[in-house]
Amino acid sequence: MCIRDRVSTQSTWGIQILAQMLNRVIRDLVGKQLTVTQVRYFAAQKKQKMELTLRTPYRTLFENFDGFSRIITKSNEAALIIQNKSPAAIYVLPPGYLKVKLTTEAKNTSGDYLHLGGWLTVHMDNTCLLYTSPSPRDS
């Protein structure tokens, strides 16, 4: 074995040890970050009944309202029905109808709306934020 072979073997050995140390440090750091994220992730208290917040740029129609059974509208793919304990998701709503099936009396509304597009966010804590552009009737 010549000296050149020994040097290349030793330098490869050093690189392997350095790579193992870096992998161990990265694994430890990532593990700590994941632990912190999981604690924050599961800290939200789930509500028993879904709460709805329905907003337009000019006014808020419902704020943390839980007197409804479901929201019926359409998404880009198909009809969309959101109700209690729906999985967390975000939907883009094309212009069209929006029906909020009310279970309690709501002031100044029937639950039927016509909108010009918007988005709907279902959060993990069983709340729903629906932001729509107003219809011409909304003024």
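Are Phe62 and Phe65 buried or exposed? Select the two of them: both Phe62 and Phe65 are buried (buried means under 20% relative accessible area, exposed over 50%, and partly exposed in between, with a 1.4 Å probe and protein chains only).

Before you go on, know that this is a predicted model, where local features need pLDDT of at least 70, side-chain atom pairs count only at pLDDT 80 or more, and totals for chains, interfaces and linings use all residues. Residues are numbered from 1 along each chain as its sequence is written, and side-chain values use heavy atoms, with hydrogens and water left out.

**Stop 1: aromatic rings**

Searching the whole structure turns up two aromatic pairs (rings of Phe, Tyr and Trp, the last by its six-membered ring, pair if their centres lie within 6.5 Å; planes under 30 degrees apart are stacked, over 60 edge-to-face, and the rest tilted). You already have one selected: the ring centres of Phe62 and Phe65 are 4.7 Å apart and the planes sit at 20 degrees, so this pair is stacked. Now pick Trp119 and Tyr131, a tilted pair with 5.0 Å from centre to centre and 35 degrees between the planes. Trp119 belongs to strand S8 and Tyr131 to strand S9, so the pair ties together parts twelve residues apart in sequence. Trp119 is partly exposed at 41% relative accessible area, and Tyr131 is partly exposed too, at 28%.

**Stop 2**

Switch to cartoon view. Strands here are DSSP runs (E, at least two residues), numbered from the N terminus, and two of them pair if DSSP finds at least two bridges between them. Strands of a sheet pair through backbone hydrogen bonds, either parallel or antiparallel.

Follow the order S2-S1-S9-S8-S5: these five strands make an open sheet with mixed pairing. Strands S2 (60–65) and S5 (89–93) are at the edges with a single partner strand each, so one side of each has no neighbour in the sheet. From one strand to the next, the twist averages 15 degrees (axes are lines fitted to C-alpha atoms, and angles run from 0 to 180 degrees between N-to-C directions). Zoom in on S1 (residues 51–55), which runs antiparallel to S2 and is joined to it by three bridges. Arg55 is opposite Thr60 in S2.

**Stop 3: salt bridges**

Arg55 is partly exposed at 31% relative accessibility, and Glu63 is partly exposed at 45%. Next, select Lys99 and Asp112, whose side chains meet in a salt bridge at 2.8 Å, N to O.

**Stop 4: the four-stranded sheet**

Which strands make up the open sheet of four? Trace S4-S3-S6-S7, where the pairing is antiparallel. S4 and S7 are the edge strands, each pairing on one side only. Five bridges join S3 to S4, and Arg70 has Gln83 in S4 as its bridge partner.

**Stop 5: the core**

Finish with the largest nonpolar core, which has 18 residues (such a core is a set of buried Ala, Val, Leu, Ile, Met, Phe, Trp, Tyr and Cys residues joined through side-chain atoms within 4.5 Å). Among those with the most contacts inside it are Phe62 and Ile71. Select Ile71 and look for its contacts (heavy atoms within 4.5 Å), including Leu52, Leu98 and Cys128.

Methods. Salt bridge = Lys/Arg side-chain N within 4 Å of Asp/Glu carboxyl O. Lists of a residue's contacts leave out its neighbours within four places in sequence.
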